[in-house]
Amino acid sequence: MSVSSRPTCRIVRPGSTYAGKQGLNYFQGIAAETVGSTGICLHLLTIPPGGRAKAHLHEAHETAIYVLSGEVHTWFGDRLEEHVIVKAGDMFYIPAGVPHLPANLSAEPSTAVIARTDPNEQESVVLLPELDRLARI
């Protein structure tokens, strides 16, 4: 008799981290690589004081962020011409294909929960090195 390959519920306790293409370390979370998800990925990110990502976009996937603590400056737009400060308790949405660059300019770490409609941890990340110098950090 064969064993069923029915999907099942899984717990992921963020313990280990991985280095993202964006230049930050992410706590491993819900992803195709960890639980076999097919339409979503969910991670925890702490940006240390003075930390910043490289300018990037997610080609065909949306991103939703909930900031748990601290605050993050984010530049976005075709030339990173837009700027927002996302603080603890704020939710922030990034549409697919929008260039962005987050940075923690404060003296305290900032932690956020990040969800993307790409189930793979890094598959849709496209680095934009030509934009890195445009953020006013």
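1. The protein chain holds 1 helix and 11 strands, where helices (H or I, at least four residues) and strands (E, at least two) are DSSP runs numbered from the N terminus. Read from the N terminus on, the elements follow the order β-β-α-β-β-β-β-β-β-β-β-β. The radius of gyration, taken over C-alpha atoms, is 16 Å, close to the 14 Å that the globule rule (2.2 Å times the number of residues to the power 0.38) gives for 137 residues, so the chain is as compact as a globular protein of that length. Along its principal axes, the C-alpha trace spans about 65 × 30 × 25 Å.

2. This is a predicted model, in which local features need pLDDT of at least 70 and side-chain atom pairs count only at pLDDT 80 or more, whereas totals for chains, interfaces and linings use all residues. Residues are numbered from 1 along each chain as its sequence is written, and side-chain values use heavy atoms, with hydrogens and water left out. The pLDDT, which is the predictor's confidence in each residue from 0 to 100, averages 90 over the protein chain, and 97% of the residues score at least 70. Confidence is lowest in strand 1 (residues 17-19), at a mean of 78, and highest in strand 8, at 98. Where pLDDT is low, the predicted coordinates should not be read in detail.

3. An open sheet of 6 strands has the order 1-2-3-10-5-8, with antiparallel pairing; two strands are taken to pair if DSSP finds at least two bridges between them. Strand 1 and strand 8 are the edge strands, each pairing on one side only. From one strand to the next the twist averages 30°, with axes being lines fitted to C-alpha atoms (for helices over the stretch in contact) and angles running from 0 to 180 degrees between N-to-C directions.

4. Strand 2 (residues 25-30) and strand 3 pair in the antiparallel sense over 3 bridges, and Tyr26 stands opposite Leu45 in strand 3. Strand 3 is joined in turn to strand 10 by 7 bridges, again antiparallel, with Ala115 in strand 10 as the bridge partner of Leu42. Strand 5 and strand 10 run antiparallel and are joined by 6 bridges; Val67 has Ala112 of strand 10 as its bridge partner, while Ser69 stands opposite Thr111 in strand 10. Finally, 4 bridges join strand 5 (residues 63-69) to strand 8 (residues 91-94), which run antiparallel, and Ala64 has Tyr93 of strand 8 as its bridge partner.

5. In a regular strand the side chains alternate between the two faces of the sheet. Buried here means under 20% relative accessible area, exposed means over 50%, and partly exposed lies in between (1.4 Å probe, protein chains only).

6. Over the whole protein chain, buried residues make up 39% of the 137 residues. The accessible surface comes to about 7700 Å², of which 56% belongs to carbon and sulfur atoms; these areas come from the Shrake-Rupley method with a 1.4 Å probe, and for residues only the protein chains shown count as cover. Among contacts (heavy atoms within 4.5 Å) between residues at least 6 apart in sequence, 69% join residues at least 24 apart.

7. Two loop residues deserve a separate look. Asn120 is found in the loop between strand 10 (110-116) and strand 11 (125-127), and Asn120 counts as buried because its relative accessibility is 18%. Leaving aside its neighbours within four places in sequence, Asn120 is in contact with Ala32, Glu33 and Cys41. Leu80 lies in the loop between strand 6 (71-76) and strand 7 (82-87), and Leu80 counts as buried at 1% relative accessibility. The phi of Leu80 is near 55°, a positive value in a residue other than glycine.

8. Cys9 has its place in the segment before strand 1, and Cys9 is exposed, with a relative accessible area of 76%. The C-alpha atoms of Cys9 and Val35 are separated by 8.7 Å, although these residues are 26 residues apart along the chain.
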